[in-house]
Structures are given as C-alpha cells and as structure tokens.
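Hi,

Here is the structure I promised to pass on. Have a look at it first, and then read my notes below.

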Amino acid sequence: MGKAQKRTFKSRTNPLGTATVPGAATAVESKDDVPVLLKKLSSSDASDRVWAAASASNLLMSDDETVRRMLLSNNVISALVERLSDSVPDVVVQVSGALYNLAAIDHGAAVEISRRNIYGAIQSLIPRLATSIDGIIKNNEEGQRLGDDGRKMVLLTTDNMLSLLRVLCETVPASVKQVNDMALIPFVISFFKVADRLPPSLVQTAGQFLHTLTDENTAAKRTLLGHGDAVNVLFNVVKAQQLGAETSADDTAVVRMLAGAVLMNLKDVAIEQLETEADKRGADVSAEDAQAWDNMTRAVLEIVSGFISFDPHEAAARALHLAETIPVADVIAAPEASKQEMELDRLGARMDYIQMALELAANIFTDEGASAEDAEKAESESEDTAEPADGNGSDDDMGDDEDEEGDDAEHEDEGEADLEARDADFDADDMNDVLRDEGAAKEETEEAVRQSVLGVFIDAIVPSLLRLAEPTVAMTCAAESARLASVAEDFAALNERALGCFNNFLLVIEESLKAWFRMHADRVDAWWRFLIDVAERLVGSAADADPAAADRRLRYMVLDRAIGCMWTLARGVGGEVPATPDQIEGLIFVCSTAPDHALRVKAVGVLGNIARRQPGHVDANRRIGLFLVDHVIAASLQANAQPGSTCAAVEPVAEALDLLFDIYSDMAYDYDEPVFVREKLLPRLRQMLVPMRSLCKTVDRRKHRSLRDRCDLATQNLRAFIEYKATERK
C-alpha cells in the first residue's frame, strides 16, 4: 500500500494577471513566418522583443500542433531561455510564462528546457527579484521606483519562474538535483514570512514549489530543516487563522494547507533527526518535540477537513453553465479572459487544491492513521470477543490437524471434565461480569480511536470524502467542446481521488485495525450501500452509452476506484457485507463487461469475498462460484487455447483461483456440499490443470516475472487443492 498518487497542477489563467501585448501574433500563415518571428526576439528594439515573446507564447499555447512543432524545430526553446536575461521586464514576463506553459503541456519540451541551462538562467535572476520583492514589501525607494506595472511584472515573473521549476521537478526527475543545487529555499521560505503582504496566489505558488521539491527528496528536506527558522515559519502559517485583512478565507486555507503539506513531507526526517540527537544524549525524544509534530498533523487534518467541505453537485452545475455560456471565440485572439472564463479557472484551481488536500489526507492516514497502540487495543478486543476459528485458512493448513489428533485424544476426557466443572460454577452473575468487562474493553478501544488520527479521519474526513465521491451532472454531459470535456475530466478526477483516499483509509483499517470493522457493522453496511449506489450510477450510464462516447472512459475510471473500495471493504470484513442478489448480478455484469483486466480483477475480488458468507447464503455462493469457474477461469482458458490468441486474462484467472481455494477450503461450510460437491466443481477444476500450464507459458518471465510467478503458484496450488478436495470427504 503506497502513498497517494502525486497531484500535478494544471496550467490555468494566472491570478496575478497576464501581461497582454496588443497586436501579438496568434497564427502564422506559412512556415517562413516562424524564423522572422524568432529573429525579432533578438532585435535591438525592445518593443520588437516584447512583441516576439508574446507572439511565441500565444503560438506555443495554441491548439495548432503544427505551429508548435514548427517553433520547436526552429529552436524556440533556446531563444526563449536566452531572453530570460533581457533587461526589459515585459520580455522576461512573456518568456518565463511561455516556458512554463510549454513545459506544463509538453513533456518532451520540458526535457528539452531542462537541458538548456534554464537553471543557471533563472538563478541569475533571483538576486534582482529578491531585492525588488523586498522593496515591494517594505514600500521603500526600490519598491516605489518600480511603480504599479513594475511591481506586477516582478511578482508575475517570480510566479512563472517557480511554476516552471515545479513543473520540471514533476516531469523531469533529473531536474530535482539541479533545483536542489540552486539553493532557492531561503528565497522561497521568505514568502511565508510575509504571506500577509504578498498576493496569496504567489505564496500558493511558493507552497506548491516547496511541496513538490520536498516530496521524497531527502536533501531538500534536510536543507529546509536546517535553514534558520523555516520550520517555525511554516508551523506559524499552519496555526494562523487569517493571513491578512484582505486575504480571503479560501486563500488562507490553501496557504495553510500547503505549509502543512510541506511539513508533512519533512516530518520523517525531522523525527529521525530528533531521535539521533536524543541518542547522542542518551535520552528519548522530548515529549514536547514529539507532541509538536503530532499536533501539527491534527492541525493539517482539520484544515483539510474544512477545505474539502465542498458541494461537488452545485459546483458541477455552475461549471457546466459557465462552460456553455463562455463566448465561442479564440482565447488567443482575445487574450483578456472573460469573467466567465476566469470564474471557471478559479473553480478549476479550487478543485486542484481539493485533490491535493485528498492526497495529503490519504498520505497522512497511510503513514499515521492506525498507530501501534490502536492496533494492540483492537487486537486485544478482538481476541476477547472473537468466536472460535472457523477453518478459514491457507492451503498450507490442509491436513495439519492430523498430527495433533493423538495428543488431543489423550486429554479429551480430562478437558471435558474441566469444562463441565467450570460450567457448573458459571452463573448469571459471572455472565454479567463478562459482559461488563467486554463493554469496558470496547469503550476503552473506542476512546483510544476517538483520540487518535483515526478518530479525526472517521469523524471529520470520511463524510466529506463520500460527498466528493458522488458522480455529478458533469459525468453525464456530452463532451461536445473542449471546455465541456475539461469540466467532465476535472469532476471525474475529483471523484477518483476521493475514492482513492477512502480506499487508503479502508486499507489501513484492514491491515492494522480489522477489529474496528466488527465493532461498527452499521458503518460497514452504510459504506457498502454508498459504494453500490456510486457503481450503479456509473454502470447504468456507461452501459447505455455509445462505446465511443468521450465520457465512457471517465465513467470506467471512477468505477474502477469504486469497485476497488468495495473489494477492500469486503475483504476487511471477511465478505460480511449486505450484498443483495441484484447487487451480485450487477458486479457480475461489471466483471463481464470490464474494459480492462485491472477492473475485472477487482470485481472478481469483490465477488469472491461475498461468496465466503455463511451460513445461509448458499444460493449466492452457487451463483458466484459457478460464475468464477465457468465465465472467469474456464472461458479465459478456452480463449487462450484458440489459435492466434494474444490477450490472456492471467490476472483475473489467478485471482479467481486463489479465491476458490479459500471459499471451498473446508467441507464443513454450509455451501460446500450443495455447491462444490453437487455442482461437480472438482471434475471441472481437474480439466483446468493442463490449460493452466499453457496459460502460464504465455507470460514472458523476463518481462513480467511477478505475474508469471503468480500464475505458476496458482497452478501448483490448483493441483494441491484438487488432491485435498478429492480426499477430504473420505
């Protein structure tokens, strides 16, 4: 179980305002125009350079791939990087913006930019920018000399530079070391010291940059931790309720969240340093230092909780309205964005930050959600209240009991006598004592959970996750334009990220605190019904849609996450979810129509765990067991046997077999005789041995070693399972 996938930020309208240039080119009539345009970038006339830089920026961001390729083939990147040292601020703003936007939309261009001494070019600008920003903040002679336009240029250039470096760190791994060597942390952390006197968008850009730079980058973490009062500055920002009288609550929340995200990146190295220092002193980490970081984690979760309290349905309706009412005009031809477009961009930026908040919450819970103390308490509660083992185990347990039968027989009479004596002494008062002790243990566990990060997550985060996971009207809009398609993509990504965060939560509970599920069956039931509702809305729409429809991919993208959550939940409770026959049929439909093996594996996993329910679910077991045997395993093996077959569904077959071994591992299960025996599953499985060996051979061990190993192991276990079941009832 890894961390949540890293969120990258889209290139959107700059909140600081764009430096528009009247008359800048928005199209070229022939390829001969490109060299002329680039030549003007080196003109001695400043106005020509400004025009050429603005024109290059417009053309690189146009939808015309041909024009972009012409510019790139004429070495536009080198020309733009060279102009970063221009003495005219307007040129630098246009060039830095063009490079940032190009890197954000074209990975190949980002790689090329990183090779063109971009780091040295930017670093040479930092002292001048730092002096100017200091003058703006202090409103001294330097700041007054700049004037309104000059101040705007300085702030916009800084924003573009940091955004460009962030994108390079996200897309070109080798650039991280280069950025480390630029020693930008003192410059960037200074923005947080005066966050109330800078545009919030610039402080947010600085936060995005630091968050990206410190993600799995030990060198940057140590540099930041070792830089004066940097950590205290970030702590203070997290604690601040308001950054300035003119800073909105939303902007304040974003800055606080970004500061918290950076601190969460630093936490592992910070704790490691505290432990090292304590070891040198021959002592433990002070309670005050440890508590400070724990309090910070809670504070970040509280910020996240407030930030994701967002109504996606209202937002989707508004976004669709804006996308449909923006004038159909070339944005490049009218550089000043319309009010509708700016509002749509702000909404999109808010959703970007919500997704980052979800990523942050998921990672916090993965790292810290179920502490060792929580797990121990829950395990103790589980041992006190659990029923005797029912035989659910691995294939290695088959037949192990025979070695102990002799010893058990020797003590059988003595054991029965002891039990009878104890039963005779056990009265109503004893039962009341047991119930009282169990109640106290459960309450102790509940209180520990309430006081932990787990409690914060359950009460404050999960309700918002489920709200954000609900498919919106955007999912049903026909993507007839680029704007509508973008809106649909944004809201589908929000659904996907919310479900991914919820799945992280369920995984931690499953792995470390499984007893919590048993103590809260009502929550399990409610979550199951919610996930079923999400899946039904997605499956119904996807099944009715044209397979070529643009939104079909988005529906299955979100459905994959929803089914994944169902799988984790069903696995965590041993299949004890309130699945109805209709829901089982729906899951079978998903498994049968899944567009890829990954979704099919998840659907198989859900079904297989539901089939383990007992007693009283024989019909459900029969429906699922026969489906897995006939339509998942046998059908795939038959398809693989056809001449020219190239797409073997190895993962679903291996998963289905592993589940069958568990489902029918004991003849004592109430469904074993009516399903496994009467439906003659054993002869069917025997017929699959040879085809399974053939299926394994279709997986190239050199390219897919883990998959081949899993397939080989499934085949070996199939042979052992057949032998076991053949003798089990004799």
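How much accessible surface does the chain have, and what share belongs to carbon and sulfur atoms? It comes to about 34100 Å², with 48% belonging to carbon and sulfur atoms; areas are from the Shrake-Rupley method with a 1.4 Å probe, and for residues only the protein chains shown count as cover.

Before going on: this is a predicted model, where local features need pLDDT of at least 70, side-chain atom pairs count only at pLDDT 80 or more, and totals for chains, interfaces and linings use all residues. Residues are numbered from 1 along each chain as its sequence is written, and side-chain values use heavy atoms, leaving out hydrogens and water.

The chain has 34 helices and 0 strands (DSSP runs numbered from the N terminus: H or I of at least four residues for helices, E of at least two for strands). Of its 730 residues, 51% are buried (under 20% relative accessible area, 1.4 Å probe, protein chains only).

Helix α17 (residues 339-368) is mostly covered, with 22 of its 30 residues buried. End to end, its C-alphas reach 43 Å, close to the 44 Å expected (1.5 Å times one less than the number of residues).

As for F505, its contacts beyond four places in sequence include F365, L454 and W527 (contact means heavy atoms within 4.5 Å).

Cheers

Definitions and conventions:
Buried < 20%, exposed > 50% of the residue type's maximum accessible area, 1.4 Å probe, protein only.
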